[in-house]
Amino acid sequence: MINENLDKVDAEFGATTGHGHTGVAGDGPKITASGLAGGAGTDSVIGNRTADPATTTAYGLVGTLTQWLSWIAKYFKTITGTANPFDTPAITLADTKIHVNDSTRHITSAERATWNGKLTATSYTASDVLAKLLTVDGTGSGLDAGLVNGMPVDSVSNAPNTIMARNGDGYAALSGLIINRPVPEIMFIESDNSNKTWYQLMDGGVLSFREDNYSTERMQINAGGIQLKGSVTTVGSNVVRSKRAGYKDVLQHMPAANQFILAFSNSVDGVGDDWNWNNAFTFDDIGGFTSDHLTAQKLTLNGGPESLKLKPGTEDHAYMGFYARSANAAQRSGYFGYGGAGSNTMDVSNEIPGGNLQLVTKAGQVVANSSIVVTKGETNAYALKLTSASAGWGSGMYFENTAVGGNTYGVYSGSDGMLHMGLTNQDHILLNPNRSVSFMGPQQRKFSGSQLDSKVYRDLAYMSSTDPALTGTIKITMPRTWTFTMLTMKIKGYNYSGTTGAWELLLGGYTYGDGQMWVNTSATLTGAAPFTTVRFAHDGTHCCILLGGLTTTWGYAKIVVDNFIAHQSYVDDWETGWSVAAITTEAGITVSSAPVINAGTNSDKLDGFHASTSNTANTAAVRDVDGDLHGRRFVAYATTGVAPFVVASTTEVPNLNPQLHGGKTLAEVVQGSLVFAVTTGTAAALAASINPAPAVLSAGLRLSIKTHVATTGPVTLNLNGLGAKSIKKPNGNNPPLALGGVYTLVYDGSAFILQGEGGEYGTAGAAQVLAGYTVGTESGIVPGAVPNRSAENSHMPALQYTTWVGDRVFLAPPAGYYDGSSWVTAPATDIRPENIRLGKSVLGISGTLIEGSRTTSGNSAARTISSTANWLYVDGIPGTSRVITFCSDSNPATVFGYYNSVLGVELIRGYSGALVTSSAFAATPGSFSVIVDNTIMPLGNYRWWVSE
């Protein structure tokens with residue numbers, strides 16, 4: 001009922017200023033603390049506050065909430081000593097309390113006085129310390145300063161369980177000495193001089209006597225006996241000397257392990273160090289002695305010439321035997337000497353099956369001064385085999401005959417798999433694995449005379465291409481530059497294609513040094529070559545030959561510089577430095593001669609003339625590939641009345657009789673090139689000339705011109721000086737001629753008429769043509785100027801607009817083109833349904849406005865705001881609500897409320913029947929809220945209606 005009469009109540013009062021609890025006349029009383037429900041001041045109601053820990057306001061007991069929060073934050077920061085009030089402090093209050101209560105870290109005043117009464121370090125002397133120690137020294141005291149590790153020191157008697165000390169004379173008494181050390185030295189005795197003798201107990205019970213700081217062993221005692229060692233400079237040191245009156249003394253000396261030297265004195269009954277060491281016997285790695293042999297691993301003879309002599313015994317032979325296999329020590333492995341009785345042959349024999357006989361030098365040679373005979377007894381074995389780990393002339397076999405100038409020839413197997421033969425370091429013959437033989441340069445033959453020298457070189461350079469369509473010039477680079485040398489060269493090749501094949505080229509020329517040019521060159525070509533030109537050139541460093549040109553195509557090209565002969569002078573040093581390669585640029589190459597191929601031969605001449613398919617002077621004409629015969633002209637000596645030519649053709653024959661066209665070809669006449677000219681003169685007065693020149697200007701004369709200047713107005717043309725005539729369009733207008741434009745003109749008897757200009761133009765101009773397009777006009781091509789508005793903006797703003805009340809709305813669009821897919825717009829932000837009366841429609845928008853105050857409604861849920869109160873909050877409503885009505889969805893007749901700010905009425909009937917008449921409603925622009933006890937307004941959904 002209340003909702004149905006809201007409009008009447010609002011209309012009755014007619015107030016529009018709203019209602020509030022300001023306490024002034026017309027408003028409700030101010031809301032005090034007693035009017036707020038418990039818990040109404042929530043965080044969201046109070047809002048956030050920002051504390052300032054750096055506040056400079058003096059501390060006090062009165063201040064705002066923000067000021068109090070700033071004071072507290074500043075106190076925290078001061079107490080903790082941190083940069084921010086809530087940073088972790090260096091020490092907590094609990095830790096501080098523990099430290100303060102720790103009695104071990106803090107002493108009392110009495111304790112401090114006691115400590116201060118103690119002696120300082122500088123006041124306490126060594127005597128004070130000793131006196132204190134003596135008070136506790138003695139047996140059982142734990143100190144006992146007279147003992148060392150529990151034992152007394154004794155320097156007189158040899159008492160057991162005592163520590164030895166020297167007596168007054170520096171001697172020590174002991175009954176025995178046991179030394180246990182991980183190193184072999186156990187004791188040394190030092191004499192009065194600087195020498196020292198060590199006694200050394202070695203592994204295995206060996207006692208060694210050394211001197212000179214361990215460096216020299218003099219004697220060794222082991223299980224085998226006593227060994228004397230030492231220097232051999234003095235007889236009697238580590239030696240055994242045997243003497244017999246009337247004989248030379250014998251010296252047995254062992255200077256090193258497993259080495260034995262047997263020497264004799266220089267004289268009978270020798271005295272002192274009088275030994276003949278040069279004729280001594282030295283045995284190394286001694287194995288032992290038997291009844292008739294001395295077994296030793298090594299024997300050194302220092303006697304010089306004939307240090308060792310082997311003489312025959314009962315038979316006339318002497319040799320040395322070798323037993324090299326320990327597994328069969330009784331089996332001889334080989335021998336050296338005269339093995340057979342009465343033999344004249346000295347044998348070097350390796351008797352081990354399959355064993356080799358090797359003669360090795362160190363950077364030296366094995367020399368035989370007589371014939372070497374190699375006899376091969378085994379089947380499928382080499383009679384002579386040379387093996388080398390390297391490749392080159394230094395690894396093969398040499399032949400030298402000193403009687404013919406000392407030339408050395410060699411044979412070696414190269415790393416390329418071929419056998420090389422020739423002068424040392426120069427290949428002459430190559431044996432290939434494929435069983436082929438190559439004869440190489442550098443020098444094959446040399447012809448000499450008093451005035452003439454010639455040298456022949458073979459196989460100097462080679463090129464092999466795998467490209468089926470290699471394009472470029474073949475450049476043959478020679479090893480020398482201008483040398484005053486007459487040259488003869490033969491080049492062979494093969495080209496793989498359908499029209500070419502094998503070919504051979506013979507070249508000749510003279511490298512003229514003074515003029516730095518090729519002279520007297522020639523080229524003779526046989527076979528089917530892919531090139532037709534040969535050029536003699538120089539690349540700035542070397543002379544070279546060019547075959548073909550940059551567009552010549554080669555198929556799997558194979559080219560060999562087969563033979564080269566140098567004549568006259570500078571005939572040496574042509575053997576190396578050649579190369580053959582395809583080049584794609586001839587930059588830096590200077591051609592000095594390009595002879596006509598086969599010019600000097602008669603094989604292709606007919607009565608002394610070369611055959612040619614082209615129009616070349618002094619050649620015999622030959623049909624070309626099309627069957628045509630070429631010539632500059634033909635002179636016929638026919639009888640009068642007889643045709644010089646018979647043409648068997650049913651079609652027109654071009655160029656049959658050029659004289660019929662004034663010396664001009666039919667093509668020149670038909671194609672119009674004779675009547676084409678480029679203009680001269682000025683833009684208003686053009687001039688041109690054609691050839692042949694017309695005698696007069698006659699109607700129908702046709703010509704083409706290319707303008708050298710642009711024209712914009714009336715223009716004339718003076719052709720071959722026959723007078724200036726106007727150039728007009730067919731309609732009589734003046735044509736604009738463009739710079740560089742080509743135009744066809746026909747003289748009509750009075751003016752030159754521009755051809756191709758017969759059409760008419762419409763009336764459209766730039767203002768009628770869309771931008772981006774052009775239109776032809778009398779003035780030429782003109783670009784359009786109409787803007788494309790649809791392309792600019794699909795919602796083009798209107799320049800202006802107006803409305804005829806009760807009739808229509810007018811929009812003025814910007815000038816331009818619209819394609820029908822865009823709109824012209826004007827702002828109308830207030831055209832909304834709520835602004836249009838209900839039942840009316842404006843531009844397709846139906847109104848929802850009911851006359852009077854704005855009213856809206858909805859459904860919202862109540863929420864808990866505190867333990868005793870609930871809260872109904874609604875926002876997003878138009879204006880400020882002056883009249884509010886709500887009721888419970890589930891019990892609309894039991895729980896409802898009404899608020900009217902105009903009348904000052906506020907009423908809520910609760911679920912329990914209680915009635916609230918003030919301070920529950922709050923209305924603000926765009927929202928309202930109801931806060932009331934939860935026994936009056938329980939949780940749930942509530943329908944509401946509001947109006948301004």
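Is Trp574 buried or exposed? Trp574 is buried, with 0% relative accessibility. Buried means under 20% relative accessible area, exposed means over 50%, and partly exposed lies in between (1.4 Å probe, protein chains only).

## About the model

This is a predicted model: local features need pLDDT of at least 70, side-chain atom pairs count only at pLDDT 80 or more, and totals for chains, interfaces and linings use all residues. Residues are numbered from 1 along each chain as its sequence is written, and side-chain values use heavy atoms, with hydrogens and water left out.

## Aromatic pairs

Two aromatic rings are described by the distance of their centres and the angle of their planes. Rings of Phe, Tyr and Trp (its six-membered ring) pair if their centres lie within 6.5 Å; planes under 30 degrees apart count as stacked, over 60 as edge-to-face and the rest as tilted. The whole structure holds 21 aromatic pairs.

One of them joins Phe76 and Phe86. This pair is edge-to-face, at 6.1 Å centre to centre and 70° between the planes. Phe76 sits in helix α3 (residues 65-80) and Phe86 in the loop between α3 and α4 (93-101), so the pair ties together parts 10 residues apart in sequence. Helices (H or I, at least four residues) and strands (E, at least two) are DSSP runs, numbered from the N terminus. Phe76 is partly exposed at 38% relative accessibility. Phe86 is exposed at 69%.

## A buried pair

Phe564 and Trp574 have ring centres 5.1 Å apart and planes at 40°, so their pair is tilted. Phe564 belongs to strand β31 (residues 558-567). Trp574 lies in the loop between β31 and β32 (579-583). Phe564 is buried, at 0% relative accessibility.

## A cluster

Tyr59, Trp68, Trp71 and Tyr75 form one aromatic cluster.
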